[in-house]
There are 2 protein chains.
Amino acid sequence: MPSTNLSFPDRNSHRAWLATQAALPAGFRVGTARFDFTPREAPKPAKMTLTLIALDRPTADFAAVFTKNAFPGAPVIVGRARLGEPALGGIIVNNKISNVCAPGGVKGSERICAETARLLGMEPTEILPSSTGVIGWSLPVEAMLGALPDAVAALAGPSVIPAAEGIVTTDLYPKVRRAAIGGGSIVGIAKGAGMIEPNMATMLVYLLTDLAVPRTELRAMLARATDTSFNCISVDSDTSTSDTVALVSSGRVPCADFAAFEAALTTVCRDLAEDVVRNGEGVRHVIRLTVKNAATPALARALGKAVINAPLFKCAVAGNDPNVGRLVQAIGKHVGAHEPGADLSRLRATMGGIEIFAGGAFQLNPEKEVALVAHLRSAQLYESAPPKDGVFTAAIDYPPHERCVEITVDLGNGPASATVLGADLTHEYVSENADYRS
Amino acid sequence: MPSTNLSFPDRNSHRAWLATQAALPAGFRVGTARFDFTPREAPKPAKMTLTLIALDRPTADFAAVFTKNAFPGAPVIVGRARLGEPALGGIIVNNKISNVCAPGGVKGSERICAETARLLGMEPTEILPSSTGVIGWSLPVEAMLGALPDAVAALAGPSVIPAAEGIVTTDLYPKVRRAAIGGGSIVGIAKGAGMIEPNMATMLVYLLTDLAVPRTELRAMLARATDTSFNCISVDSDTSTSDTVALVSSGRVPCADFAAFEAALTTVCRDLAEDVVRNGEGVRHVIRLTVKNAATPALARALGKAVINAPLFKCAVAGNDPNVGRLVQAIGKHVGAHEPGADLSRLRATMGGIEIFAGGAFQLNPEKEVALVAHLRSAQLYESAPPKDGVFTAAIDYPPHERCVEITVDLGNGPASATVLGADLTHEYVSENADYRS
């Protein structure tokens, strides 16, 4: 990561670039419908968007991976069952309510699939449902059924942007990534900004392709691509109950090179994963940390995750404060608790290319301090603006650049490595989440 | 927990209560010295306090437990060696710099012990060192040696308060707890507000007693008491590199009942542990969560820790928002990642005594929502005040009450239970830690 080194001076230039990514592969259309409703559990007016992704005809070639959270949402339960069905013809997504452990949740999800299928002239089992939003509330099933015809009527191409915008909750901007190969393409969209430490998938990601790759190969490729992309990021260490990554092929374009397809798929997944972190709730710095020369891949990834999830280190980064002691604390915490035998004697760490730890001791001086502060500032996405009525909000709704706080941790005693992406912990995150529902 | 149900209308009443806890056991004196210095790595003026706890004569009866972080501070390395020595005569503590992985750190720590011992007429190995503060910087050893005579000259009784105040860093108020048994007492002091998820100990805790309990029994009792107190709390999931709990007996008063001593010791440890959370950085709500009827004690504690360390749930509590979906998410994340076979079908959860989850589904309605908000508000320590120059600071420097957000999670399939104490995630925490050093 990353495959690109983009920068955007303003919102319009970012939207213009998104448009270059947005052409739907052959065989797909998208449509949305937005409506007002009142949640049963907390009666205040709310808005929901339905997003429908429809194939011209159902396909046997689809793949999906889902959250490992032990309380999966009803759509995840339904979605797992869909993997055994012969074909998929559409995906129906709602935001605002995630339909997790709500009474009658699976039945409601199936009713929405059945009505979507009826309107599309397909079978109920050919529709994959997804829901994202508040956990614990019940879907407004009747209101959703009433809005479905509008979503079907809106089905259109050639742009995936309406779907990328329709699935968001607290995201600041839509996330779209595209790869062209041969005569076809892969286009992916993602939503997700909080409750992001995916375990086998991220919140909601839809990867659409017209290249003909059979189901078995698609599923193996998606598992591998997810493992090095969405499973290597964390915004806040929380694992959603709704995480879903789906990959659907319309089969319209022959695929001459499966290896090239997998490479392109992996790039799209990694770029979308990085987009999810960069647009994470309250994120002002993306942290890219590579653990090198570890004994095992699992240790490399776990050590990386321990650092990018350490609240004190995340706060230091938010403040452009090179408090690298907190980085070493996080490594020591993980090893002390989970790998007490691991050899750390050859550990060497850098930030922004500057050596900060080697030979069992910190390697710090006032000149390095100045350089480290400069590196942190250069990776900042925006300056925190003063709060209004005590609430901090993001100053921008586009990603001005793709720079990261760059960290390497070399353990010097093995063949394995891993790169993980995390984020700082900011007032904007707390403002977003201390009063999210009210 | 807790053994008390205190409340304080103002700072003065809290200080008056602290004074009732503060009488040193026979055989101990405390003294402090404060001085200015300039850290080598980041040259800005700083202040350090030396705190000396001295016995009238060295004792064989002492115990200590230390952090399991794989990068322990130099004083922890020295302290572990002290456990093998025949006697302990004093404890020398500095704040501001934690002396972790700094070049020459162990040698500097030993020099300070040697000079302390010389001034007290003791052996260097009879002094236990502790350091707390910034990780990565070097101790100003010469300046500390210069200030030591002042600390020795200040040695006095009968109050432990000067030591409780001397060891703090970001703490808002000193923490002192006392138990009287027979003709003697146990008095404990603690510091620690951030980087708090102890693993075998908390940051710095000193337990002083005049009751004569031999070394072997002291050490076994301290291990057990620590396990159900300091090892069951988390402010921010970070594990300090300096965690130390020391228990020292001057042996002046015969101990007739070891069981009563251990019970009193455990109470002092639990109350101090709760004090540490209540005074945690930016804490506005203490969360007490009991996991009941779990298959194993390890699962009970791990599930409890997963909830109290989940950032989104912590933010919801900060906002008095009963977003219990985030609580269930945290349980599901832990079980999905670490205990995929665990049976959650009988899980029943309450908050403030109100059932929120049972029978595989949320049990919510608008009336419960109102009651849950009221429970959260009743447990709030203070209202967040508007920031000054963008910085949020705690509105009070005393604990107005000992109420907690009370949560139970009943798994219904085993004999084990655990109670853990955590805290919310607030703007005050971010303000404190995004610019702690600068």
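Into which domains is chain A divided? Chain A splits into domain 1 (11-278) and domain 2 (286-434); these bounds come from an automatic or database domain assignment.

The model is predicted: local features need pLDDT of at least 70, side-chain atom pairs count only at pLDDT 80 or more, and totals for chains, interfaces and linings use all residues. Residues are numbered from 1 along each chain as its sequence is written, while chains are lettered from A and ligands numbered from 1 in the order in which they are written.

**Domains of chain A**

The centres of domain 1 and domain 2 of chain A, taken over C-alpha atoms, are 31 Å apart. Their contact takes 15 residues from domain 1 of chain A and 17 residues from domain 2 of chain A. Here two residues are in contact if their C-beta atoms, placed from the backbone, lie within 7 Å. On the domain 1 side, helix H1 (11-21) and helix H7 (258-278) of chain A are the elements that give two or more residues. Helices (H or I, at least four residues) and strands (E, at least two) are DSSP runs, numbered from the N terminus. H7(A) supplies the largest share of that side, four residues. By class, the domain 1 side has seven nonpolar, five polar and three charged residues. Ala, Val, Leu, Ile, Met, Phe, Trp, Tyr, Cys and Pro count as nonpolar, Asp, Glu, Lys and Arg as charged, and the others, Gly among them, as polar.

**Chain B against chain A**

Contact between the chains involves 63 residues of chain B and 64 residues of chain A. Among the elements of chain B that give two or more residues are helix H9 (311-318), strand S13 (361-362) and helix H12 (427-434). H10(B) gives the most, with 12 residues. The chain B side has 33 nonpolar, 20 polar and 10 charged residues.

**A sheet in chain B**

Chain B holds an open sheet of four strands, in the order S1-S2-S4-S5, with mixed pairing. Strands pair if DSSP finds at least two bridges between them. S1 (28-37) and S5 (127-131) of chain B are at the edges with a single partner strand each, so one side of each is left without a neighbour in the sheet. Neighbouring strands are turned by 15° against each other on average, direction ignored. S2 (residues 46-59) and S4 (residues 88-94) of chain B pair in the antiparallel sense over six bridges. B:Thr59 stands opposite B:Leu88 in S4(B).

Two helices pack on this sheet. H2 (residues 74-82) of chain B touches S4 and S5 of chain B, and its direction makes about 155° with that of S5(B). H4 (residues 141-153) of chain B touches S1, S2 and S4 of chain B, at about 140° to the direction of S1(B).

**Helix pairs**

Axes are lines fitted to C-alpha atoms, for helices over the stretch in contact, and angles run from 0 to 180 degrees between N-to-C directions.

| Pair | Angle | Axis distance |
|---|---|---|
| H8(A) and H10(A) | about 130° | 8 Å |
| H3(B) and H4(B) | about 25° | 10 Å |

The contact of H8(A) with H10(A) includes A:Ala302 and A:Leu303 of H8(A) and A:Leu327 and A:His338 of H10(A). By class, that contact has seven nonpolar, two polar and one charged residues.

The contact of H3(B) with H4(B) includes B:Gly108 and B:Arg111 of H3(B) and B:Met144 and B:Pro149 of H4(B). That contact has nine nonpolar, two polar and two charged residues.
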